[in-house]
Amino acid sequence: MGRFRNILTAVVFASAISFIFAAAIHSLEEPLERDLTTYGYIGHALLSGEQLYTDLWDHKPPGIHLAYALAELIWGYGQHSISFIWVLISILSIFQVYLILDKLSGWQAALLGVVYYTLSVNSIHLEANQPNTEIFINYFTLISIWALVQVPVPQNSNLHITGWAMGVATMFKPVAFFVLIPIVVYILLRRYSVDKRLTYHQFLQSSFTVLYPLPLLWGIMFGYALLLGRFDDFWDVLIVYNNQYAGNSLRNIWAFLTHPNYLFPQALTGVWLLVLQGFAWLFVGSRRTHARVPHYFMLLITLGVLFEIGSLGKSFAHYFQVLVPVVVMNSSLLSYYVFSEMKVRSRFRILLSTLLVSCTLGTMINLQIDFFKLDPIEISLEKYKRQFLDAREIGQEIKAITAPDDLIYYWGSESGVYYYSQRKSASGIFYNLPLKEKRNSQKEALNARLLADLMATPPDVFIWNSKEGAIENSHLHDFVSESYYLLGNRSNFQIYVSDPGKYEF
C-alpha cells in the first residue's frame, strides 16, 4: 500500500506541476490586467530609486510591490516574470493544500485536494490565471492553517508561524485580518476544550502570540515612514484613502451575506459544484467520528474568508479567489467522508462519493477545456473585453516612437500603457482612478499635485483616453493645449507630443 501511495502521489504532483506550467505557457502572451501592470511598473520604479506612496501613488500595502520588484530582480522586467510568480506561488500552494489535508483526513483526501486546486487555480472567471494579491493571501493563509493542524492543540511554535503568516498576508491586503480573527477564536476554544482550568492570563498570552506579528509589521512600516519624514504619505494612502474606498466593513459584510447575488456571483462559474460541496461540508462535517481537528476549525476559517471578501464592499471577480483554498479543502473532506465514514452501506458510499468526485471533476475539466480552446487574446477579451489589449497595443506603439529616457503621461486607468512602453511617467500619480473617486477627500489635492508634477517635469508624450470624456473639459486642457501638438489618434487614444518633428507613427 505504501508503494502504491508513493507512486500515485508522485504521478499526481508531477501532473499538477506540468499542468500549471502548461496553463502559464498557454496564457503567457495575455495582456495584463491593470492591477498587475501597476505592481509591475511600481516594482520597477522602486528598483530605480523612487519612493512608494511619496513618489508613486497606489493604495495597496507594500507586500505586492516588493514581490513584483523581487520577481524583476530574479527574472527581469517583462511579462514573463509575472507569469513565473504565478507558477511559483501556485505550485507552493498545492503542496500546502496536500500537507493540510493529509493531517486533517489522510493522503487520499490530500491528493484529491491537489487535483481540485490545480483545476481551479487558473479559472478565467475568477481572473485567477494571473498573480493578483489574492494568490499571495491564499498562500500565506494556507501556511497559517498548516501550522495550526500539525498537533491536536496548537502550541506556541504553531501560533508564532500562524501569526507571522497572517501578518505577512495583511501586507498584501489588510482584509486578511478577517481570517485572523476566527483563527484566534479557534485557538482559544481548542485550548479551553482540552484544559478548562486555563486562566485569563493564559488566554491573553495565546491571543498575543498569534496577534503580535500584525501590529509589529505595520508598526515597523509606519515607523520606517516616520523616520524618513514620509508618515503622512503612508497614512493618507493606506489608512485614509482605503477607509473611504471600502466604506463601512461591517455593513459591507452584512450586505454580502444577505444578498445571494453577492455570495454566489458569476465569477464562480466552473467551480460551482466545488463551492456547493464546500459549503455543504460546513453542515455535514460535524458528523465525522475520526476528526483529527475539530470541525469548527474549517467552519471558522470559511466564515473568515467570506468576511474577508464581503468587507470590501465590491464584487470584483478576483476577490473571490480567496474562496478557492477553503472550498477545495472542504470539498475534499466531504468526498472522503462520504467514501469512508457515511453511515450507509459500503456500495452506496462508493457510488455516492464516485458521483460527487466525477461530477466535480467533470465540470472543472470542462472549465479547462474552455480555457485551452481560447488563445491569449481571446482569454483577455473573455475577461475584460478590449480594455487591456488596447492598453498593451498603445504602450507598444509609444515604445516604438520614443526613446528610453522620454517621459510620458497617460490620462486613464490602464497602467499597462507604462508597463508595455517601459517609459517613465511624468507624475507618480500615473493612473486616474484616485483622481475620479467621489469618496476620496484628497481628490482635489491629488489633481493639483498632478498638474504641478506635469509642469515641473513636462512629458515628451501625452496620451489622452477619449473614453474619459473630452479633453476640453479637463483641468489638464490648458496645460496640453499650450505646449503640445496632436500627433494622431489610435482608436480612442489621442497622442500629443511636445516636439512634432521628433515623433511620427
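Biologist: Where does E127 lie?
Modeller: E127 sits in the loop between helix 5 (107-120) and helix 6 (133-148). Helices here are DSSP runs of H or I with at least four residues, strands are runs of E with at least two, and both are numbered from the N terminus. This is a predicted model, in which local features need pLDDT of at least 70 and side-chain atom pairs count only at pLDDT 80 or more, while totals for chains, interfaces and linings use all residues. Residues are numbered from 1 along each chain as its sequence is written, and side-chain values use heavy atoms, with hydrogens and water left out.

Biologist: What is the phi of E127?
Modeller: Phi of E127 is near 55°, a positive value in a residue other than glycine. Most residues other than glycine have a negative phi.

Biologist: Is E127 buried or exposed?
Modeller: E127 counts as buried, at 15% relative accessibility. Buried means under 20% relative accessible area, exposed means over 50%, and partly exposed is in between, with a 1.4 Å probe and protein chains only.

Biologist: And what about S491, what is its phi?
Modeller: Phi of S491 is also positive, near 55°. S491 is in the loop between strand 4 (485-490) and strand 5 (493-497). With a relative accessible area of 64%, S491 is exposed.

Biologist: Changing topic: how much space lies in the largest pocket?
Modeller: About 940 Å³. A pocket is an open set of points on a 1 Å grid over the protein atoms alone, where a 1.4 Å probe fits, with protein on both sides within 12 Å along at least five of seven lines; lining residues have an atom within 4 Å of a point. The volume is the space filled by probe spheres set on the points, which are joined across faces, edges and corners.

Biologist: Which residues are closest to the centre of the largest pocket?
Modeller: Of the 40 residues that line the largest pocket, H59, K60, Y245, L312 and Y319 are the closest to its centre.

Biologist: Which helix gives the most to that lining?
Modeller: Helix 11 does, with 7 residues. Helices that each supply at least two residues include helix 2 (34-47), helix 8 (177-194) and helix 19 (387-401).

Biologist: How do the lining residues divide by type?
Modeller: They divide into 22 nonpolar, 10 polar and 8 charged. Ala, Val, Leu, Ile, Met, Phe, Trp, Tyr, Cys and Pro count as nonpolar, Asp, Glu, Lys and Arg as charged, and the others, Gly among them, as polar.

Biologist: Now the charge pairs: how many salt bridges are there?
Modeller: The count comes to 12 salt bridges, each a side-chain nitrogen of Lys or Arg within 4 Å of a carboxyl oxygen of Asp or Glu.

Biologist: With which residue does D102 pair?
Modeller: D102 forms a salt bridge with R5, the closest N and O atoms being 3.7 Å apart. D102 lies in helix 4 (residues 79-104) and R5 in helix 1 (residues 2-26), so the pair ties together parts that are 97 residues apart in sequence. D102 is partly exposed at 21% relative accessible area, and R5 is partly exposed at 28%.

Biologist: What about D453 and R449, where do they lie?
Modeller: Both lie in helix 22, 4 residues apart, about one turn of the helix.
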